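Subject: Structure handover

Hello,

Please find the structure below, with notes on what was found in it after that.

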Amino acid sequence: MNTTKKQVSGNLDPFLMSVLKSRFESIVREMTLVVTKASRSAVIKNAKDLSRAILTYDHRLVTTEGALPIHVTSMDVATRPLTELFDDIKQGDMFVNSSIFTGGTHHADLILSMPVFFDGEPLFWAVALSHHADTGAPEPSTYLPYAKNIYEEGMHWPCVRIAENYKEKQDILRMGMLKNRVPDLWLGDVRAQMGAVRTCEKRLIELCEKYGVDTLQRFVEDWFDYAARRAKAEIGKLPAGAYEYRISHDPVPGVADAGIPINLKIIVDPDAGEITVDLRDNIDCVPGGLNLSENTTNGACRIGVFNNLDASLPHCHGSANQIKVLMREGSAIGKAIYPAGTSVATTNVNDRLTTAGNAVFSQMGKPYGQAEGGPHLPVGMAVISGKDPFKKEQVYINQIFVGYAVGGANHRHDGWLTYCGPANGGLITLDSIEVDESMYPFIIESREVRPDSQGYGEFEGAPGVQGAYYPIDHGMTIMYAADATTFPPRGVLGGKDAAPTASQKMLANGQVVDLPAFNQELCKDGEKMMFLSCGGGGYGDPLDRDPARVATSVNAGWLTAEKAHDVYRVALNAADGSGLRSVDDVATRSLRNRPKD
Amino acid sequence: MLIGEARDFLNGANVDPANQTFELSFLGRYEYQSCDIEVPFDLPAGGIKPAHIDDLRERFHKIHERIYSIRNNDDLIEFTRWNVRAIGKRPHQDIWRNFKLRARDGPAKPKGMRKAYVQENLKCGYIDLPVYELTSLGAGAIVKGPSLIEAETYTAFLPAHHDVEVDAYGNLLVDKNLNRG
């Protein structure tokens, strides 16, 4: 909203403020429905790797309802270059940005923005981000850990106007289609984003007509003030001090042979209601695609802090403004500079950075902080590609979300089974197996919880996910980047580490072989890809875990009775008539009275 | 064929042919979408022929644009299901239309006054409002807001500048004169 031209003051009555907050949220939800239902690629319509947002015209985030955290928490970084690069923005324009060098997240996230005008005045940005199935990179994936620089990546859209006066610019769209392995799907997916921002524009104009621009401007200012007050109050409850956390992404041969270390420091100032996240003590960019962008670095730091504050805190400009991020240009954990490779900037190292933000608060002791959760791109969420033997050898490419990493525990809560990495924060949807199999020539043979893979603790991490899939009548290319194979998620405050990720293949003769963690694999007809994602770390001493919760984990099939006995020192009675096991209180007391190892 | 089945169904339920209507629609989607949308259409005389495909395609594009604010003129459309909605009216179903209110004679009169808590913009508080009884109003009666109208199953609150005209069936037709005074 263009408050730079006209300063407005807030103080709407609280009921109207609540109504308008919900109206903005419902608009964003409608945008999400448009993209979900009108898109073509499974990664968007099935897994919901998409996000919508509304920002003021001067780039302050208003609403992010139901969006993936890493997509939108720093959306201001992605829209700000538009008003810096264009001085002729008009009603009916649409712009795309997928370049980290103009504020984007990574090259596969196409951020489509439309200015919303009312009575000739620009008020908002309607933004629809979708992770596209392909970007035309040299290798068939949108995640390229070995791509050293932009020249080895897919198409970057550095803030490009693709529509004017509500009409698509066909020459620009032709460029996108030409540089894409699945051009028809790509165009359909882009148009779904266009539909979402057009829908947002319609709804915001209706809102302006109903309530008046002045009322909306006052709402926005009040909303930001409210979020800032809430954030200050939450931060004010934390113990003051400086806290540090060190974590590492797995080694990637030729890119980072010893791994990519991350040093994160936070300074908590309860009096000012501010948290500063300092990342300046980190390594330079690595010669691969794992470097972070300014957008994702900033976003990951904000997410880590938000994850440790009250869940009802609004995530918008007002609250984000209480978090200061210090980063260094040219750092892998900072602002990558041209032409550094950043194709994996939203996941792997980014997951680790967010995890560090989640976990650093545990340095304050109980009840603060979280254990480490699992990072991205095991074989269960690989990019698959090939030529469909049932569709005249038509090329297909898509990221699957069949089995992915899970969450670490925190105080009073076990880890989140469908977390899908801290970058996504549980907002990604596990693929519908039926939709995947109907679109692509493969069979998902199994998907199940991986027992005993969780980090044990007073509150235990979620167990990982395991399973297998195989192509039908052709060879399928599988690209994945399975972090946490070397460094599995760690527990905090006495909690235990989780089991690491593993990537395997079953050959046609039934032999199972281990695969590299960062790899492009051809799965031939008759072979099967096998994924075993890591669990999440535990929080607190396992011997402090309520025995009843241990029995629940065993009865759910997430924990074996042997681990219940050996790790938790909980003895269970034999299964009753319904197949459930209960705690043997006497034997458990005896076990737990033994001295600790 | 579907219409034949639908007609047989209604005949089997002893619905008079004069009270039978049939609404046609198809479910469709652009290739690779997972969600269908419902598109109404009229059955051409003699059934659907290849010459009607353009019309059906255009109907799909229009509904898609209405729902999703976007159309894809060159994309393949998949027709996934054909629907006939069979509607059979009961005899005398519309008999209520024969019962009309008598016309209002003279201006509407409230049956009393009542305090109500009202908020308009930032102002709020209790104000005295006139209360009307719907059954006493009659067709064509005009009631101006702010006021209350009580009916057997509901109470209607009319904010300021909302005027009501009661129609012949007792419906309240609200005219929002928001620009007034």
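Chain B is split into domain 1 (2–95) and domain 2 (112–176), with bounds from an automatic or database domain assignment. The C-alpha centres of domain 1 and domain 2 of chain B are 41 Å apart.

This is a predicted model, in which local features need pLDDT of at least 70, side-chain atom pairs count only at pLDDT 80 or more, and totals for chains, interfaces and linings use all residues. Residues are numbered from 1 along each chain as its sequence is written, while chains are lettered from A and ligands numbered from 1 in the order in which they are written.

The contact between the chains takes 16 residues from chain A and 11 residues from chain B (contact: C-beta atoms, placed from the backbone, within 7 Å).

The rest concerns helix H2 of chain B, residues 53–68. Helices (H or I, at least four residues) and strands (E, at least two) are DSSP runs, numbered from the N terminus. B:Phe60, B:His64 and B:Tyr68 are buried in H2(B) (20 or more other C-beta atoms within 10 Å of a residue's own; exposed means 12 or fewer, partly exposed in between; C-beta atoms placed from the backbone). They lie on the same side of H2(B) because they cover an arc of only 35° around the axis, taken from the directions from the helix axis to the C-beta atoms. The face turned away from that buried side carries the exposed residues B:Asp54, B:Lys62 and B:Arg66.

The buried residues of H2(B) pack against elements of both chains, including helix H1 (14–38) of chain A and strand S1 (20–30) of chain B. After H2(B) comes B:Ser69, with a positive phi near 65°.

Regards

Methods: Two residues are in contact if their C-beta atoms, placed from the backbone, lie within 7 Å. The expected span of a helix is 1.5 Å times one less than its number of residues.
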